[in-house]
Amino acid sequence: MNIAIVGAGAAGIATAHALQHDGHAVTVYDQRGSAAEGASFAPTGWLAPALLQPWSAAGLAPSAGLRRQPALLRIGSALDSADLAWLWRWRQAGRRVRSAPERVHPALAAIERLAQYSRALRDSGGAALAQDLQAQTGALVLLRTEATLARLQPALAVLADAGVAVQRLDAAQARQLEPGLASDFKLVGALNLPGAATANSRLWVQLQRFEAQQMGVQFVFDAHVSRLRHAPTGVQLAGESSPRVHDAIVVCAGADSAALLRPLGLKLPVVGLGGYTVSAPVREPVHAPRCAVVDWDSQITLVRLGQRVRAGGGAEIGTSGAHHAPSLQRLYDALNHWFPGGMQPSQGVQTWRGTRAMTADGAPLLGASGLPGIWLNLGHGNHGAAMAHGCGQLLADLVAGRAPAIDTQGLVLERF
Ligand SMILES: Cc1cc2nc3c(=O)[nH]c(=O)nc-3n(C[C@H](O)[C@H](O)[C@H](O)COP(=O)(O)OP(=O)(O)OC[C@H]3O[C@@H](n4cnc5c(N)ncnc54)[C@H](O)[C@@H]3O)c2cc1C
């Protein structure tokens, strides 16, 4: 088939790769000048286990509740009815998860299953590149109180069921693994994740883009898709008078996907959730984090990426305009104070704001849209980089009518 992909982020590139591999003629359209210029530009870099990354799924937020903590969820004045509906559904989904924390919840299990599948595909294809991708293994989830651990119980139930190693440490053991952690950082312990994976996912997307190009994928950059058409199937580019006709379209347009599909009558429970990363050079390696560190209470993650440490955090909905200085300041504070002397957050610093497409339960939307010829690979929330390979492969399987290697329950549109 002659297939169009809208979006050259992590999802679009991985999908192009998988479809081209199946023998399709693939064209990727993106409004930006290159790949990974949207949400895939500078995500934190946490890949696995997906559920222990903040904002991984409904029901895991810190116990004081997100709406009462503007530092954790900033709600802006541009909030519309779709955002409000999403907030309501997200809270409902969270309540269901918290009502039975020991249970393996299907939405959470679907996220972890997909991330692990994705990891297996990545490892089989790119392990030799690990150094170039600034990949590392190992992470600590810091526990400031026992309540944090209780809040994570639904995620831990899924990880135990999936056989993922999670080791409870006391505070002294945690400090042995991360000796640079500030002595005044109060903690009751930590979860040690020896198999956790992190990497610079943008480098991965770019490498995959060049590989896809060599395989024959066509890229059309600086091309804004102003409309999708489904009879006949095609994409209308801004500035062109007639649509470009394709046999099928895969929508991988991240946070813009919902707006692109709405004129076709498809209302997706997906919103754009803003967030920030700040990357600073390592000053003194022995004082910097050795591996990734998550503070669940502040919902901030630090990831070591080569000679830099990246702090990721913040969530905002219904906001517009300039970067939110207090949200950035929290990340600077984490870089300055959690590992004193480890980083240099004053020179060579990169600050970034991205918008991730988030569904009402945290799992992505994959597969048929219900409109002939139009397919979905979107709504990856805070784990689009972690899931890209798996999502691309599953989408290609569904297009081919092949049985996917993993169960797609909890990932398809019919669940909403
Ligand atoms: C602060 C932050 C931290 C994060 N941390 C992590 C992390 O640690 N681990 C992880 O796995 N994930 C993380 N994520 C999430 C991850 O970045 C996203 O889920 C992922 O990058 C989404 O990829 P995508 O390809 O779906 O979207 P994008 O990368 O946004 O790509 C969509 C593309 O579609 C194009 N496009 C949109 N509309 C049109 C149109 N009409 N015409 C043409 N082109 C169009 C855009 O230009 C863009 O290039 C984080 C996100 C944020 C914001």
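Reply: Leu142 has Ala190 of strand β7 as its bridge partner. This pair belongs to a predicted model, and it is part of an antiparallel pairing in which seven bridges link β5 to β7 (residues 189-198). On β5 there is also a parallel pairing, with strand β14 (residues 292-295), made through four bridges. There, Val141 stands opposite Val294 of β14. Strand β5 itself covers residues 136-143 and is mostly covered, with six of its eight residues buried. Strands in a sheet pair through backbone hydrogen bonds, in either the parallel or the antiparallel sense.

Helix α4 (residues 146-151) contains Thr148. Thr148 counts as buried because its relative accessibility is 4%, under the 20% cut-off. Its side chain makes a polar contact of 3.2 Å with the side chain of Thr145. When neighbours within four places in sequence are set aside, Thr148 is in contact with Leu143, Trp296 and Asp297. Of these residues, Leu143 falls within the range of β5, residues 136-143.

A further sheet is open and consists of three strands in the order β9-β10-β11, with antiparallel pairing. β9 (225-230) and β11 (244-245) are its edge strands, each with a single partner strand, so one side of each has no neighbour in the sheet. The pairing of β9 with strand β10 (residues 233-237) is antiparallel and runs over five bridges. Within this pairing, Val225 has Leu237 of β10 as its bridge partner.

The charged side chains come next. Nine salt bridges are found in a search of the whole structure, and one of them joins Glu316 to Arg353, with the closest N and O atoms 2.6 Å apart.

Another salt bridge lies within a single helix. Arg119 and Asp123 are both in helix α3 (residues 106-126), four residues apart, which is about one turn of the helix. The closest N and O atoms of this salt bridge are 3.9 Å apart, and the cut-off for such a pair is 4 Å. Arg119 is partly exposed, with a relative accessible area of 22%, and Asp123 is also partly exposed, at 40% relative accessibility.

The side chains of Asp397 and Arg402 form a salt bridge as well, with an N to O distance of 2.7 Å. Asp397 counts as buried at 5% relative accessibility, while Arg402 is partly exposed with a relative accessible area of 34%. Through salt bridges that share partners, Asp22, Asp397 and Arg402 are joined into one network.

Note on methods:
Residues are numbered from 1 along each chain as its sequence is written. This is a predicted model: local features need pLDDT of at least 70, side-chain atom pairs count only at pLDDT 80 or more; totals for chains, interfaces and linings use all residues. Side-chain values use heavy atoms; hydrogens and water are left out. Helices (H or I, at least four residues) and strands (E, at least two) are DSSP runs, numbered from the N terminus. Buried means under 20% relative accessible area, exposed over 50%, partly exposed in between (1.4 Å probe, protein chains only). Two strands pair if DSSP finds at least two bridges between them. A polar contact is a pair of N or O atoms within 3.5 Å; within protein, one must be able to donate a hydrogen and the other to accept it, and residues adjacent in sequence count only if both atoms are side-chain atoms. Contact means heavy atoms within 4.5 Å.
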